[in-house]
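Please look over the sequence and the fold before reading on. The text below takes up the strands, then the salt bridges, then the surface.

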Amino acid sequence: MPGTLAGVPDVRSLVAGASVGRLGTVGIDGRPHLVPCCFVLDGEVLYSAVDAKPKRSPHLQRLANVRANPEVTLLVDHYEDDWSKLWWVRVRGRGRVLEAGEEADRARTQLAGKYPQYVQQPPTGAVLAIDITEWR
C-alpha cells in the first residue's frame, strides 16, 4: 500500500517518476537474479519490455525466472551526495510474461510515453507485467 515517507513525496509518485529500477527474480536454481530495467507504472501494475538495449539474447533470464517463479521485487532508488535527499522504494509483486495482446500493446505505448528512446525504437519483445502486492 502506498504511503508517505518522512519528508518525501508519496512513494507512488517517486516510483512513477524514476527512470530505472533494479528487478529481482529468482532462478530455478534458487539464486537471485538482479538486473536494471526501464518501467512504467499503471495503477497497481508495473510494466517493462524487452527492448533494443544491448543484451546477449532476446530470451532473457528474467523472463524464464518469472515463468518458473512469478514472485519478483523491483527496487527504485535515488542517490545524491546530500544524504537528506536519498530515498528508495521496494515494490513486490507477481510477474506475468506477455508475448502479445492488448495489454502488452498498451504497456509498450505507455513505455513510449515515458521514454523518448522508445518512440525512436519501440520495444518489440515480450512485456513483463508485475501485479503489485506490496509497497515498502
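Predicted model: local features only at pLDDT ≥ 70, side-chain atom pairs only at ≥ 80, totals over all residues.

The burial of β4 can be read residue by residue. In a regular strand, side chains alternate between the two faces of the sheet. In β4, Val-45, Tyr-47 and Ala-49 lie on one side, Leu-46 and Ser-48 lie on the other, and all are buried. Because 5 of the 5 residues of β4 are buried, the strand is largely enclosed by the rest of the structure.

A further set of pairings involves β5 (71–78). Strand β1 (residues 21–26) runs antiparallel to β5, and 3 bridges join the two; Arg-22 has Leu-75 of β5 as its bridge partner. β5 also pairs with β6 in the antiparallel sense, over 8 bridges, with Val-72 opposite Gly-93 in β6.

Next come the charged side chains, which form 10 salt bridges in the structure. One of them joins Glu-99 to Arg-67, with the closest N and O atoms 2.4 Å apart. This pair links distant parts of the chain: Glu-99 sits in the loop between β6 and α3 (102–114), Arg-67 sits in helix α2 (residues 61–68), and the two are 32 residues apart. Arg-67 is exposed, at a relative accessible area of 52%.

Another salt bridge connects Glu-103 and Arg-96, the closest N and O atoms being 2.9 Å apart. Glu-103 is partly exposed at 22%, and Arg-96 is likewise partly exposed at 27%.

Arg-136 and Glu-134 also meet in a salt bridge, at 2.5 Å from N to O. Through salt bridges that share partners, Arg-92, Glu-134 and Arg-136 form one network. Glu-134 is buried, with a relative accessible area of 18%, whereas Arg-136 is exposed at 55%.

The surface also carries a nonpolar patch, formed by Tyr-79, Trp-83 and Leu-86, with about 370 Å² of accessible area together. Leu-86 belongs to the loop between β5 and β6 (87–98). Its relative accessible area is 31%, so Leu-86 counts as partly exposed.

Key
Residues numbered from 1 in each chain as written. Heavy atoms only, no water. Patch = residues over 30% accessible without salt bridge, like charges linked within 9 Å, V, L, I, M, F, W, Y side chains within 5 Å. Areas by Shrake-Rupley, 256 points an atom, 1.4 Å probe, with all protein chains shown as cover. Salt bridge = Lys/Arg side-chain N within 4 Å of Asp/Glu carboxyl O. Helix = DSSP H or I, 4+ residues; strand = E, 2+ residues; numbered from the N terminus. Buried < 20%, exposed > 50% of the residue type's maximum accessible area, 1.4 Å probe, protein only. Pairing = 2+ DSSP bridges.
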